[in-house]
Amino acid sequence: MKATLLAWGLPLVALLFLPLWITSPYALHIFILLFIAIATGESWNVIGGFAGQYSVGHAAFYGLGAYGAFILLQDRHVAPWFGVWVAVAIAAAVALAIGSITFRLRGPYFVLASIAVAEIIRLAALNWKDLTNGAEGILASDLPPLQLGNRLITDWNSKIPYYYMGLAMAVFSIGVNFAVKKTKLGYYLQAIREDQDAAHSLGIPLTVTKNIALVISAACTALAGSFAAFYIGFIEPQQVFGLDVSVQMVLVAIIGGIGTVSGPLIGGVVLVLLSES
Amino acid sequence: MGAFLKENLAHAHVLIYGVLVIVVILYMPEGFVGFAAARLRRKAAAK
């Protein structure tokens, strides 16, 4: 236990103080991309790693998070730190609806259904021009400064606030994975991954358990999607709903180690460094 | 050297990415973490 705390705590403390030494915007940009990759990989790991349900349509939730917060900011002038939670709730509700239908399928049929759902949502975003601006996308303008009372926390002009928000998001996703793994839900999911019929015969409610995992996974993915969208400052359907976004999440978990908490972290480091080299 | 790599192997990282994915899927089906854990377990058992 002590060794585990040290293994996770020391790098975290180092990352907290890193912007004091590293001031290069490019280096901070790499770290922010790394945090996004870790957060999405860890989010996917809840349903793909622990439950063994290989969803290749997670871009749907990533995009819903991005579009939800962006549309609320542009059309309703809702500040992102409130709009993000609405977007997360929308993604969770959509996940519940999708899960109730697609979890009737197993194995490769579930994979195909998850891809199909993500494509349906991408095409809807592409053609619903009044809401999403279609293929032209949405550019984030006038991001309001973050204030606590009258005190200005940040006006988003440097990468440092994004660095800390990304770090908090990655740590949150890792925490969610730890929490899921150590609770009854985690054991249920692992039982389902190993043998669905045996788990069912022992009284584990398959659809409910898988749906809970999908909602948790979708909510974390939407959070990462919202953050990534505000960091980049522009979204369009292919960029956030594309199949490559889903594949990237799956690869982060597969390369690092599927069904482990530290796997997506290692996978994220490898893939981000490789793609930015 | 840098110029040569930029001119001729500008997209080499995509190739490395693909090779890495194939190698991991074929030889490390449980990923880097699973592979390292199995190696450590084997080492401990040998002792």
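A residue is called buried if 20 or more other C-beta atoms lie within 10 Å of its own, exposed if 12 or fewer do, and partly exposed in between, with the C-beta atoms placed from the backbone. By this criterion, buried residues make up 6% of the 47 residues in chain B. The structure is a predicted model, in which local features need pLDDT of at least 70 and side-chain atom pairs count only at pLDDT 80 or more, whereas totals for chains, interfaces and linings use all residues. Residues are numbered from 1 along each chain as its sequence is written, and chains are lettered from A, with ligands numbered from 1, in the order in which they are written.

Chain B contains three helices and zero strands, where helices (H or I, at least four residues) and strands (E, at least two) are DSSP runs numbered from the N terminus. Its pattern along the sequence is α-α-α, and its C-alpha atoms fill a box of roughly 50 × 20 × 10 Å along the principal axes.

In chain A, helix α2 (residues 25-50) has 26 residues and reaches 36 Å from its first C-alpha to its last, which is close to the 38 Å expected at 1.5 Å a residue; the expected span is 1.5 Å times one less than the number of residues. A bend of about 40° occurs in α2(A) at A:Trp44, the bend being the angle between axes fitted to the seven residues ending there and the seven starting there. Because 19 of its 26 residues are buried, α2(A) is largely enclosed by the rest of the structure. Just after α2(A), A:Gly52 takes a positive phi of about 70°.

Two residues are in contact if their C-beta atoms, placed from the backbone, lie within 7 Å. Leaving aside neighbours within four places in sequence, A:Phe35 is in contact with A:Gly166, A:Leu167, A:Met169 and A:Ala170.
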